[in-house]
There are 2 protein chains.
Amino acid sequence: MADYKAIGKAFLDFYYGRFDAGPRENVASLYEPVNGMMNFNSPDFAKGAQEIAEKLRSLTFQTIAHTISTMDIQPTYDNCILIIVTGALKADNDPPMQFTETFLLRFINNSWLIINNVFRLILHG
Amino acid sequence: MADYKAIGKAFLDFYYGRFDAGPRENVASLYEPVNGMMNFNSPDFAKGAQEIAEKLRSLTFQTIAHTISTMDIQPTYDNCILIIVTGALKADNDPPMQFTETFLLRFINNSWLIINNVFRLILHG
């Protein structure tokens with residue numbers, strides 16, 4: 001899987017481009033429809049594209065812009081791609097906040113789909 | 001995999017306990033010996049237990065203490081366990097720094113081993 005870094009980078013461009021352009025729940029189609037999981041700043045996950053879309057719709061901000069600071073991309077034992085992002089986001093008129101986000105992508109039916117995803121805001125101590 | 005959260009939590013206790021007690025390169029035995037990967041605050045990975053031990057030995061701090069703020073634990077499609085940590089660490093007499101760390105664990109030969117690991121310091125903008 002020589003081009004896992006290029007795949008990972010293209011995925012991030014597409015995911016955050018679509019998330020920030022809105023409506024953000026459109027990214028739900030990038031998750032494995034039945035078993036894709038998303039933790040959104042919570043230890044509990046939404047499972048499957050429908051629950052994930054509902055969770056994303058329920059978030060209260062109107063506009064959002066993500067800026068990536070670092071991306072680390074690794075191939076896995078099972079030919080998946082693991083991506084870890086750190087960066088900053090700006091939601092509505094709130095001050096910028098730092099975040100980290102992890103994606104595990106799997107090639108299913110000719111597409112790279114998200115099977116695991118965890119988003120966390122970084123709380124400053 | 002009903003107890004993936006308990007396994008993940010026990011793993012973190014063991015990993016950071018051993019890392020902080022030192023010598024930190026002792027955690028290298030928790031990685032899959034040949035294919036385990038670690039990115040340590042860099043886009044380039046060390047691969048296999050030996051390279052990982054060398055990388056950890058090369059770090060310049062003498063003492064370190066990790067404090068976990070959040071942990072998110074998900075089972076994966078392939079019966080692995082994905083763990084994302086955010087927290088703070090204190091190295092020597094430096095000011096505390098925030099970090100995020102991701103582990104992908106796989107059950108191999110009766111042990112949960114790390115197959116993928118990414119550590120990142122959070123840089124404050």
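Does Phe19(B) count as buried or exposed, and at what relative accessibility? Phe19(B) counts as buried, at 4% relative accessibility. Buried means under 20% relative accessible area, exposed over 50%, and partly exposed in between (1.4 Å probe, protein chains only).

This is a predicted model: local features need pLDDT of at least 70, side-chain atom pairs count only at pLDDT 80 or more, and totals for chains, interfaces and linings use all residues. Residues are numbered from 1 along each chain as its sequence is written, chains are lettered from A and ligands numbered from 1 in the order in which they are written, and side-chain values use heavy atoms, without hydrogens and water.

Stay with Phe19(B). Its ring forms a tilted aromatic pair with Tyr15(B), 6.0 Å centre to centre, with 40° between the planes. Rings of Phe, Tyr and Trp (its six-membered ring) pair if their centres lie within 6.5 Å; planes under 30 degrees apart count as stacked, over 60 as edge-to-face and the rest as tilted. Tyr15(B) and Phe19(B) are 4 residues apart in helix H1 (residues 4-21) of chain B, so about one helical turn separates them. Helices (H or I, at least four residues) and strands (E, at least two) are DSSP runs, numbered from the N terminus. Tyr15(B) is buried too, with a relative accessible area of 1%.

Now turn to chain A. One aromatic cluster there includes Phe11(A), Tyr15(A), Phe19(A), Phe40(A) and Phe119(A). Phe107(A) and Trp112(A) form a tilted pair, 5.1 Å centre to centre, with 55° between the planes. Phe107(A) is partly exposed, at 44% relative accessible area. Trp112(A) is partly exposed as well, at 23%.

Next, the sheet. In chain A, 6 strands form an open sheet with mixed pairing, in the order S2-S1-S6-S5-S4-S3. Strands pair if DSSP finds at least two bridges between them. Strands S2 (45-47) and S3 (64-75) of chain A stand at the edges; each has a single partner strand, so one side of each lacks a neighbour in the sheet. The antiparallel strands S1 (residues 37-40) and S2 of chain A are joined by 3 bridges. Met38(A) has Ala46(A) in S2(A) as its bridge partner.

Finally, the two chains meet at Gln98(B). This residue sits in strand S5 (residues 97-108) of chain B. A polar atom of the Gln98(B) side chain lies 2.3 Å from the backbone oxygen of Leu123(A). Gln98(B) is buried, with a relative accessible area of 13%.

Technical notes: A polar contact is a pair of N or O atoms within 3.5 Å; within protein, one must be able to donate a hydrogen and the other to accept it, and residues adjacent in sequence count only if both atoms are side-chain atoms.
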